[in-house]
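I opened a new page to note what I looked up, entry by entry.

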Amino acid sequence: MGRMTASPGRRVLLAAPRGYCAGVDRAVIAVEKALEQYGAPIYVRHEIVHNKYVVQTLEKKGAIFVERTEEVPEGNIVMFSAHGVAPVVHDEAKRGNLATIDATCPLVTKVHKEAVRFANDDFDILLIGHEGHEEVIGTSGEAPDHITLVDGPSDVAKVEVRDPSRVVWLSQTTLSVDETMETVDALKEKFPQLISPPSDDICYATQNRQLAVKQMGEEADLVIVVGSRNSSNSIRLVEVAKLAGAGAAYLVDFADEIEEAWLEGVTTVGVTSGASVPEILVEQVLEWLSGRGYEDVELVKAAEESITFSLPKELRRDLREEAAALVAERTGPDRSTPSGQ
Ligand code: 0O3
Ligand code: SF4
């Protein structure tokens, strides 16, 4: 198809903020740094973030993604993904003589700590989140006996607690803000003494990306969200766009997944991306649209973001040596090293 000239009225609304959040940026850089410092392979338990392009790119550099800790051969380095892991996973790594790097987002760790604290105070914890999601598995693992998963408002009816005067709700960090409030309202109706988390569990990045897509959804005939199918926060952006009034909203990993038919009768296209999505993928979508007459790009700015996190501290240690020592400990002293040290 030949390149079209800009057509009157056709425009793109580009969400800000969009794409990488501080936790994803940190986790992806951590894998790259580990590869640089320690050399390949670096094993990563679970996709470091839920993005196909990121995973493929890191695989090319020498990262090996596995679902189970037991898949990592002993004496290696394993990194935990940004979504966090249950304490049992740390134990698995110890048993497997692995050196670990924990790339759990500090804002996920914050929720883990809340769970531990409320469980120690013997509260029942109602964890709002999506069943089977990696983050929920990790958080639940902090206090399995105290945590009940509540997967949306329809789950509330079946929730039971030991003592309705000692109940708190916590949540996954990437949920829809509005749907979560619906769930909380329903829970409060059932348990009037329900306590809220000390601060928002749905993180700043999730909230800001939803705010921006909501704003653009009111005006857009079509919203394209760049993100992978297993990315919870990206899927939420599609839902929020539709609820805000967008004519249609689709999730794509790459520009070449956009269908020409989606543009039929469309004047305003909204574009955004999930927290795990590199900007290059958004640029390719903008290029694709520009080639079809949508050249005029306006920014829809909902918030400023400046938060950054420092890299996992384990990157400052010699983890290859640490992993080798763990194996040596199991197999007995290495006779070639002088004793007494
Ligand atoms: O949790 P979600 O499926 O949205 O994960 P992504 O797509 O990797 O995005 C980063 C979010 C995260 C690591 C946990 O909050
Ligand atoms: Fe952390 Fe929020 Fe990003 Fe998740 S979405 S990695 S909680 S900053």
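My entries below take up a ligand site, a sheet and a pocket.

I kept in mind that this is a predicted model, in which local features need pLDDT of at least 70, side-chain atom pairs count only at pLDDT 80 or more, and totals for chains, interfaces and linings use all residues. Residues are numbered from 1 along each chain as its sequence is written, chains are lettered from A and ligands numbered from 1 in the order in which they are written, and side-chain values use heavy atoms, with hydrogens and water left out.

Ligand 2. I looked up what surrounds ligand 2 and found Cys 21, Gly 23, Cys 105, Leu 107, Thr 173, Cys 203 and Tyr 204, a residue being near if one of its heavy atoms lies within 4 Å. I noted that this shell has 5 nonpolar, 2 polar and no charged residues, where Ala, Val, Leu, Ile, Met, Phe, Trp, Tyr, Cys and Pro count as nonpolar, Asp, Glu, Lys and Arg as charged, and the others, Gly among them, as polar.

Sheet. I then traced an open sheet of 4 strands, ordered β3-β2-β4-β5 with parallel pairing; strands are DSSP runs of E, at least two residues, and helices runs of H or I, at least four, numbered from the N terminus, and two strands pair if DSSP finds at least two bridges between them. Its edge strands, each pairing on one side only, are β3 (63-66) and β5 (99-102). Strand β2 (residues 42-45) is joined to β3 by 4 bridges, and Val 44 has Phe 65 as its bridge partner in β3.

Pocket. Which helix gives the most to the lining of the largest pocket? I found helix α1 (residues 22-38), with 4 residues; a pocket is an open set of points on a 1 Å grid over the protein atoms alone, where a 1.4 Å probe fits, with protein on both sides within 12 Å along at least five of seven lines, and lining residues have an atom within 4 Å of a point. The largest pocket is lined by 13 residues, with Cys 21, Ala 22, Asp 25, Ile 307 and Thr 308 nearest its centre.
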